[in-house]
Amino acid sequence: LLLLDVISVSWPWNVAVGTMQNKLIAQGEDVADQILRRLKHVLPHIARLCLIATFLEDGVRMWAQWGEQRDYISSTWNCGSLLANLFVVINLFGQLGACGMILARFQVVPAIGVLFGIIALQTIMYSILWDVRFFMRNLALAGGLVLLLAETRTEGKTMFAGVPSTGINKSRNYMQLAGRLLLVLMFLSLMHFEFDLLRFVEIVVGGALIALVAIGFNTKLSALVLVLWLSILNVVLNPWWMIPSDRPMRDFLKYDFFQTMSVIGGLLFVVALGPGGVSLDEHKKEW
């Protein structure tokens, strides 16, 4: 009888809390939709710039540290200065050229292919394959490029309105799923598991939001909140511009800063494109 009394008392409270929670989520989704409607023409451009920020920074670094990169490749692979210089040239012009093409919306698919090739080349030449953390980051960068490729599929679809596009839709849905899952790898690789309150909050809050993005539940709202969250933390935790240029810590923070920018770019694509057909949000429409 006591158990029944407890249940009878707590039941209305649980229902009220659940109703309030659903109401808050619905209001948040409305706000996300309003933001998306107002920024729908600007958001894809911002997403592209953020997504390729890592490649832009790396291309500029190849120019600024040409001698160091050449000497590292030459000594690591014992390949001589000619091949080492060729590696730097490919990375420099390949990344900056491809990024310029993507921003200009000129031959985007070949440009994405070049960046995929750069990721594969660096994975081999820098022996990233054996470093789990950096390998995860390269996989996540590939996931961001997959989302960019999915966006080009969306643009191609709008050019041929009225033409059956079942195959295009299906491939685009799986591209969006792959991109979302690979963004999780990038997020995990950015985490620093240290005994620090701010880092702990970053892991808990960010982990919950990226999990929602991965399964495609309340996706646009979760991705938008995570964009705001990561943007604030990126400035607070990775202020590389405040570190003197002769300190090694500057390069580490700068690397993390631009990698985080790429995650933000991928999440902005999730906000702009939606989760795709392979997601809980899509299945909710059938419930």
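Predicted model: local features only at pLDDT ≥ 70, side-chain atom pairs only at ≥ 80, totals over all residues.
Student: Why is the pair of Trp240 and Phe257 called edge-to-face?

Tutor: Their centres are 6.4 Å apart, with 70° between the planes. The distance is within 6.5 Å and the angle is over 60, so edge-to-face it is.

Student: What makes that pair a tie between parts of the chain?

Tutor: Trp240 lies in the loop between helix H10 (219-237) and helix H11 (248-273), and Phe257 lies in helix H11, so the pair ties together parts 17 residues apart in sequence. Helices (H or I, at least four residues) are DSSP runs, numbered from the N terminus.

Student: Are Trp240 and Phe257 buried or exposed, and how do you know?

Tutor: Buried means under 20% relative accessible area, exposed over 50%, and partly exposed in between (1.4 Å probe, protein chains only). Trp240 has 16% relative accessibility, so it counts as buried. Phe257 has 13%, so Phe257 is buried too.

Phe257 also pairs edge-to-face with Phe258, at 5.3 Å centre to centre and 80° between the planes. Phe258 is at 17%, so it counts as buried. Trp240, Trp241, Phe257 and Phe258 form one aromatic cluster.

Student: What makes you say that Lys254 lies over the face of Trp240?

Tutor: A charge sits over a ring if NZ of Lys or CZ of Arg is within 6 Å of the ring centre and within 35 degrees of the ring normal. Lys254 lies over the face of Trp240, at 5.0 Å from the ring centre.

Student: What makes a space a cavity, and how many of 30 Å³ or more are there?

Tutor: On a 1 Å grid over the protein atoms alone, a cavity is a set of points where a 1.4 Å probe fits but cannot get out; lining residues have an atom within 4 Å of a point. The structure holds one cavity of 30 Å³ or more. The largest cavity has a volume of about 90 Å³, a volume being the space filled by probe spheres set on the points, which are joined across faces, edges and corners.

Student: Which residues line the largest cavity?

Tutor: It has 12 lining residues, of which Leu190, Arg199, Glu202, Asn238 and Thr260 lie nearest its centre. H10 gives the largest share of the lining, four residues.

Student: Why is Gln95 called buried, and what does Gln95 touch?

Tutor: Gln95 is found in helix H5 (residues 80-104). Its relative accessibility is 2%, so Gln95 counts as buried. Leaving out residues up to four places away in sequence, Gln95 touches Phe55, Asp58, Gly59, Met62, Ile90, Leu115, Ile118 and Gln122, where contact means heavy atoms within 4.5 Å.

Student: Is Asn78 buried or exposed, and is Asn218 buried or exposed?

Tutor: Asn78 has a relative accessible area of 70%, so Asn78 is exposed. Asn218 is at 9%, so Asn218 counts as buried. Phi of Asn78 is near 50°, a positive value in a residue other than glycine. For Asn218, phi is near 50° as well.

How values were computed: Residues numbered from 1 in each chain as written. Heavy atoms only, no water. Phe/Tyr/Trp six-rings, centres within 6.5 Å; stacked < 30°, edge-to-face > 60°. Helix = DSSP H or I, 4+ residues; strand = E, 2+ residues; numbered from the N terminus. 1 Å grid on protein atoms, 1.4 Å probe; cavity = no way out; pocket = protein on both sides within 12 Å on 5 of 7 lines; lining within 4 Å.
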